[in-house]
Amino acid sequence: NRLSKHSVEFDLIGIDASIANAFRRIMIAELPTMAIEKVYVMNNTSIIQDEVLSHRLGLIPILVDPNEFDFMPEDAGPTDLNTLVFKLKKKCERNPSAAADETDPQKMYINSYVYSGDLEWEPKGNQEERFADNPPRPVHDDIVIAKLRPGQEVEMELHCQKGVGREHAKWSPVATASYRLLPEITILEPITGQDAEDFKNCFVDGVVDVVHIDGVKTAKVVNARKDTVSREVLRHDKFNGKVRLTRVRDHFIFNVETSGIIPAEQIFLSALDVFMEKIKELEPLVDRVVSNDSA
């Protein structure tokens, strides 16, 4: 119903709430992505401690197809098949051309900010050939990692590994993933005249309209989907028994905002693949239980 670069709204109709919630949880916690997992600090003279800086780096979304990489085995080391390497090196200096009365740090100093765009990808193995058309990089180049002042510098090597959101939020491909039930507004008795105008004003614009039927102003529900479920109409005694507010129990409206790693239109399709894999794993167990009960 709505699609943009980083968000999507879609409907799931005719399913149980448990299934809808399963899709929501999969989108949040079980779709793999690449994120910075290891930070090797060569030099950090900024005011931010190594641990805090490492945590900030880990939360930077990395734009690369996770399907091109393997999960890191517990008993193995980094290879070009399971690890991406970035380098970060920046030193702050005074700007010799800055005016003597200048107060803006970005004009007084050179490299006063460390941005996500300063991460430089260092290809390993055949990665340069594999990602020639779409080199790995941060989703956003303007995320502030640290502020520096003259004499301060940071030099680090960053290793990205594949993971899922249930291990750490940095691997979650979505910023938010939520759903709501479709509102249902039923007018039980005609609401006419000034009451129709008052009834319309109880809802946000676009939910109820006032139409003329046989020359009489009459309230009509035109788009219940836009209703914010404020239930404001129930505060007015004159509408008692004239309207019923409910929700369609098997109509779910999903709103998903991505971190930019996975395209918005691909998020649910990827979640569906994970869901189907889970079903395949459960099928033999269910068959075994059914056969035992039959015996």
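Methionine 42 is a residue of strand 3, where helices (H or I, at least four residues) and strands (E, at least two) are DSSP runs numbered from the N terminus. The model is predicted, so local features need pLDDT of at least 70 and side-chain atom pairs count only at pLDDT 80 or more, while totals for chains, interfaces and linings use all residues. Residues are numbered from 1 along each chain as its sequence is written, and side-chain values use heavy atoms, with hydrogens and water left out.

Back to methionine 42: its relative accessible area is 47%, which makes this residue partly exposed (buried means under 20% relative accessible area, exposed over 50%, partly exposed in between, with a 1.4 Å probe and protein chains only). Setting aside neighbours within four places in sequence, methionine 42 is in contact with Glu155, Met156 and Glu157; contact means heavy atoms within 4.5 Å. Methionine 42 and glutamate 157 lie 115 residues apart in sequence, yet their C-alpha atoms are 7.8 Å apart in space.

What does strand 3 pair with here? Strand 3 and strand 12 (residues 153–163) pair in the antiparallel sense over 10 bridges, pairing being counted if DSSP finds at least two bridges between two strands. Along this pair, lysine 38 stands opposite histidine 159 in strand 12. Both strands belong to an open, antiparallel sheet of four strands in the order 3-12-5-9. Strand 3 (33–44) and strand 9 (120–121) are its edge strands, each pairing on one side only.

Helix 2 (residues 50–58) lies across strand 3, strand 5 (84–91) and strand 12, at about 150° to strand 3. Such angles run from 0 to 180 degrees between N-to-C directions, with axes as lines fitted to C-alpha atoms, for helices over the stretch in contact.

Is glutamine 152 buried or exposed? With 17% relative accessibility, glutamine 152 counts as buried. Beyond residues up to four places away in sequence, glutamine 152 touches several others, among them Thr45, Ser46, Lys90 and Cys92.
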